[in-house]
Amino acid sequence: MTAVSVPTPTIPRQRLAPKEIRTPDGTEQRVLLAAPRGYCAGVDRAVIAVERAIEHYGAPIYVRKEIVHNRHVVETLSERGAVFVDETDEVPEGARVVFSAHGVSPTVHAEAAERSLATIDATCPLVTKVHKEAIRFARDGFRILLVGHAGHEEVEGTMGEAPEHITLVQSPEEARTVAVPAGAKLVWISQTTLSVDETMATVDILRERFPQLQDPPSDDICYATQNRQVAVKKIAPEADLVLVVGSANSSNSVRLVEVALENGAKAAHRVDFAREVDETWFHDVATVGVTSGASVPENLVQDVLQLLADYGFHAVEEVVTAEEDLMFSLPKELRRDLKAAGRKTSNRADGADRSHDLG
C-alpha cells in the first residue's frame with residue numbers, strides 16, 4: 001500500500017489584541033508614509049504589457065522569469081492567463097513570450113528566434129540604456145566593471161551583451177581584490193536597482209585602485225530607486241519602526257530595509273503582505289515609517305496602513321521628497337499589433353497614471 005501524506009491545513013495565527021500591545025506613554029502613534037513609493041514607470045509598463053497582451057492575443061501568454069519581482073503581481077497575472085517560465089525552451093514553439101522588465105541577453109533573443117517565438121520585450125528602458133552602454137564600451141575596447149549582484153536577472157542580461165569584456169564587482173570588499181589586465185581602459189557601470197551609497201562606496205575603492213577608471217555618461221541607478229531611498233532616509237531618523245512592502249527577490253525593496261537601518265530607524269522589516277506583519281513589532285513604538293519597493297502595487301501598502309490603524313496608528317503624514325511623472329510607451333511589438341487591430345496603443349488612460357490595485 002502506498003502511503004499518502006495529507007498536508008495539515010494552515011491555521012491563521014491569532015494576533016494579539018491592540019490593548020495587549022505596549023504603547024509609549026503620552027505620545028501619539030503616527031505613520032510617516034514615504035513618497036514616492038511603489039510602482040516605477042518601468043514596472044508599470046511591463047505589467048500593463050502583460051495585461052494588454054492577454055486582452056489582445058488571448059491566454060495563455062508566456063512570460064520568461066517574473067515580469068517584475070513581486071509575488072502578488074505574479075500571482076494575479078497568473079490567474080488572468082500569464083504562464084511564467086524560467087527559460088524559453090519551456091515555451092511551446094511558435095507561442096508568444098514576454099521578456100521581463102529586468103532584460104535578457106542576446107543569447108535569450110537568439111533562443112527565442114530558434115523556437116519561432118513571437119516576443120514582446122518589456123525590458124525597462126533604463127535597463128536597456130545600461131545594455132547599450134555595455135555594447136558601446138566593449139566595442140571601444142574597454143574592460144567594464146559592472147557593479148551588481150550575481151544571479152540577478154538584470155546582471156545576467158547585461159553581462160550577456162559583452163561577456164568577454166565585463167567583470168562583476170559585487171561589493172566594496174570585491175572592489176579591493178578585483179583584478180584587471182595591466183594598462184586596460186576601464187569604465188564602470190551598475191545594476192539599476194542598487195543602493196546609491198553602497199554603489200558609490202564600491203566605485204570609490206575602484207577609483208583609488210585604478211585612477212584611469214572612467215564614469216558612465218549618466219547615472220545608471222534608476223531614478224525610482226534613488227527617489228525611494230531618499231524618501232526612506234528622510235523618515236528613518238524619526239521612525240521607531242520602518243515597514244517596507246516588497247518581495248524578498250526585489251533588490252530595491254531589500255535595499256530599502258538596509259537604507260532605513262543605516263539612517264537611524266530603530267527597526268526595519270520587509271513584508272509582502274499586511275498579514276506578514278508581526279504585531280509584536282509595535283511594542284513601545286510611537287512612529288512607524290512605511291514605504292514600498294518599485295514593483296509593489298499601492299493596494300498592498302493600503303492594507304498595511306489599515307492594519308496599523310487597527311493598532312492605533314491613525315495619524316498618517318505623507319513625506320514627499322520628489323514628484324514622479326515619467327511614463328514609458330508600451331513595447332514596440334505590442335504597440336504595432338494593437339495599432340494594426342485598430343486598438344488604443346497608449347497606456348496613459350488605463351496605464352501609468354492608474355492606481356494598479358491588481359486586487
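## Largest cavity

Three helices each supply at least two residues of the lining of the largest cavity: H1 (41–57), H4 (125–139) and H9 (251–262). Helices here are DSSP runs of H or I with at least four residues, strands are E runs of at least two, and both are numbered from the N terminus. The model is predicted, so local features need pLDDT of at least 70 and side-chain atom pairs count only at pLDDT 80 or more, while totals for chains, interfaces and linings use all residues. Residues are numbered from 1 along each chain as its sequence is written, and side-chain values use heavy atoms, with hydrogens and water left out.

The volume of the largest cavity is about 250 Å³. A cavity is a set of points, on a 1 Å grid over the protein atoms alone, where a 1.4 Å probe fits but cannot get out; lining residues have an atom within 4 Å of a point. Volume is the space filled by probe spheres set on the points, which are joined across faces, edges and corners. The lining has 21 residues, with Cys40, Val43, His102, Thr193 and Asn252 nearest the centre. By class, nine are nonpolar, 11 polar and one charged. Nonpolar covers Ala, Val, Leu, Ile, Met, Phe, Trp, Tyr, Cys and Pro; charged covers Asp, Glu, Lys and Arg; the others, Gly among them, are polar.

## Second cavity

Two cavities of 30 Å³ or more are counted. The classes are three nonpolar, six polar and one charged.

The model has zero disulfides (cysteine sulfur pairs within 2.5 Å). Cysteine 40 is in none; its nearest cysteine sulfur, in cysteine 222, is 5.1 Å away. That separation is too far for a bond. Cysteine 40 is buried, at 9% relative accessibility. Cysteine 222 is also buried, at 8%. Buried means under 20% relative accessible area, exposed over 50%, and partly exposed in between (1.4 Å probe, protein chains only).

## Lysine 65

Where does lysine 65 sit? The residue is in the loop between strand E2 (61–64) and helix H2 (71–80). Lysine 65 is buried, with a relative accessible area of 17%. Leaving aside neighbours within four places in sequence, lysine 65 is in contact (heavy atoms within 4.5 Å) with Phe84, Val85, Asp86, Glu87 and Glu153. A polar atom of the lysine 65 side chain lies 3.4 Å from the backbone oxygen of aspartate 86.

Key:
A polar contact is a pair of N or O atoms within 3.5 Å; within protein, one must be able to donate a hydrogen and the other to accept it, and residues adjacent in sequence count only if both atoms are side-chain atoms. On a 1 Å grid over the protein atoms alone, a cavity is a set of points where a 1.4 Å probe fits but cannot get out, and a pocket is an open set with protein on both sides within 12 Å along at least five of seven lines; lining residues have an atom within 4 Å of a point.
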